[in-house]
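Colleague: I am new to this one. Please show it to me, and then I will ask how you know what you say.

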Amino acid sequence: MGTALITGASSGIGAAFAEVLAQRGMNVVLVARSEDRLQQLADTLESKHGIRADVIVQDLTKPEAAAAVFETVKSLGVEIDLLINNAGFGDYGAFCDRPRQKQLDMIQLNIGALVDLTHHFLPQMQQRKSGSILNIASIAGFQPMPYLSIYAATKAFVLSFSEALWAENQDKGVHVMAVCPGPTESSFFEAADFPQTLASGGQSLVPAPVVVQEALQALEQKQSNVVTGGIGNQIMVNASRFLPRPTLVNGIAKLFRPKATSNP
Ligand SMILES: NC(=O)c1ccc[n+]([C@@H]2O[C@H](COP(=O)([O-])OP(=O)(O)OC[C@H]3O[C@@H](n4cnc5c(N)ncnc54)[C@H](OP(=O)(O)O)[C@@H]3O)[C@@H](O)[C@H]2O)c1
């Protein structure tokens, strides 16, 4: 069944990918910063599913992180058949009110590490004429999002980059796909300092394993992207096709404007 490398595997969607893939008999390499959580998950997956689970503790905002992950994978003697660039975070609030370093780290993690890991692992897949890369974008990537401005822009990058690589690699035996979840149960909203009331827009959050099942089904169908989580998310990502962009962006600004700075 091969080996999957999953970044951001210590919680949420990444941990759910690890669980579902291990259940299907895949070996996994789990990457994130939280060593204890990764090791606990690896031990559980090995004993529950009889697969091999390796742990790489790495802060992916560090410039040399992708190269370090690549070298560690080589030293483990495993070949990566499925790369899941999942690690990422958001940050809620007006651009100038939010910490500059957190914003720069977000760009480095959500974009920089994802591109660099792809650069390291894609050539091997092309040589073998097999392999897949799943990049976790978001429905936030389909339109600008005031008060999540950097986050939405990073996910627009991930979506655009992944679809371009999907087309470039179609005749090379490698499948690249963008996964675009809507609001999903995870630690995301806490990490983003996101108000509970805005988290799901009034709907219930989708369980992470549902996102994973839909993503893996789309992978089998060789889609270039998949919007997971139901009809509400489909409507959201298509809104920019029917509404003038200023109307759409103003509507989102109204919805997401922090209470303290809202206009009377
Ligand atoms: N939840 C949603 O509603 C939603 C919707 C659309 C898209 N997404 C995307 O889904 C992906 C997974 O997020 P999630 O919802 O599962 O959130 P989560 O539970 O907060 O998981 C984020 C993962 O990223 C890892 N991570 C964070 N900073 C890192 C760093 N500097 N270096 C290495 N790993 C780091 C975290 O592990 P450590 O803290 O241990 O490093 C954790 O495993 C993200 O790309 C997110 O943007 C989420």
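Modeller: Strand β1 (residues 3-7) runs parallel to β4, and three bridges join them. The model is predicted: local features need pLDDT of at least 70, side-chain atom pairs count only at pLDDT 80 or more, and totals for chains, interfaces and linings use all residues. Residues are numbered from 1 along each chain as its sequence is written, and side-chain values use heavy atoms, with hydrogens and water left out.

Colleague: What makes β1 and β4 a pair?

Modeller: Two strands pair if DSSP finds at least two bridges between them. Here there are three bridges. Strands are DSSP runs of E with at least two residues, helices are runs of H or I with at least four, and both are numbered from the N terminus. Leu 5 stands opposite Leu 83 in β4.

Colleague: What joins β4 to strand β5 (residues 132-136)?

Modeller: Four bridges, and the two strands run parallel. That also meets the rule for a pair. Ile 133 in β5 is the bridge partner of Leu 83.

Colleague: How do you know that both faces of β4 are covered?

Modeller: In a regular strand, side chains alternate between the two faces of the sheet. In β4, Leu 82 and Ile 84 are on one side, with Leu 83 and Asn 85 on the other, and all are buried. Buried means under 20% relative accessible area, exposed means over 50%, and partly exposed is in between (1.4 Å probe, protein chains only).

Colleague: Why is the contact of Asp 91 with Lys 102 called a salt bridge?

Modeller: A salt bridge needs a side-chain nitrogen of Lys or Arg within 4 Å of a carboxyl oxygen of Asp or Glu. Asp 91 and Lys 102 meet at 2.7 Å, N to O, so the pair qualifies. Asp 91 lies in the loop between β4 and α4 and Lys 102 in helix α4, so the pair ties together parts 11 residues apart in sequence. Asp 91 has 5% relative accessibility and counts as buried. Lys 102, at 19%, is buried as well. Salt bridges that share partners join Asp 91, Arg 98, Lys 102 and Asp 193 into one network.

Colleague: What makes Glu 79 and Arg 128 a salt bridge?

Modeller: Their closest N and O atoms are 3.8 Å apart, and the limit is 4 Å. Glu 79 is in the loop between α3 and β4 (82-85) and Arg 128 in helix α4 (residues 100-128), so the pair ties together parts 49 residues apart in sequence. Glu 79, at 47%, is partly exposed. Arg 128, at 25%, is partly exposed too.

Colleague: How far apart are Lys 74 and Glu 71?

Modeller: The closest N and O atoms of this salt bridge are 3.6 Å apart. The two residues are three apart in helix α3 (residues 65-76), about one helical turn. By the same rule the count comes to 12 salt bridges.
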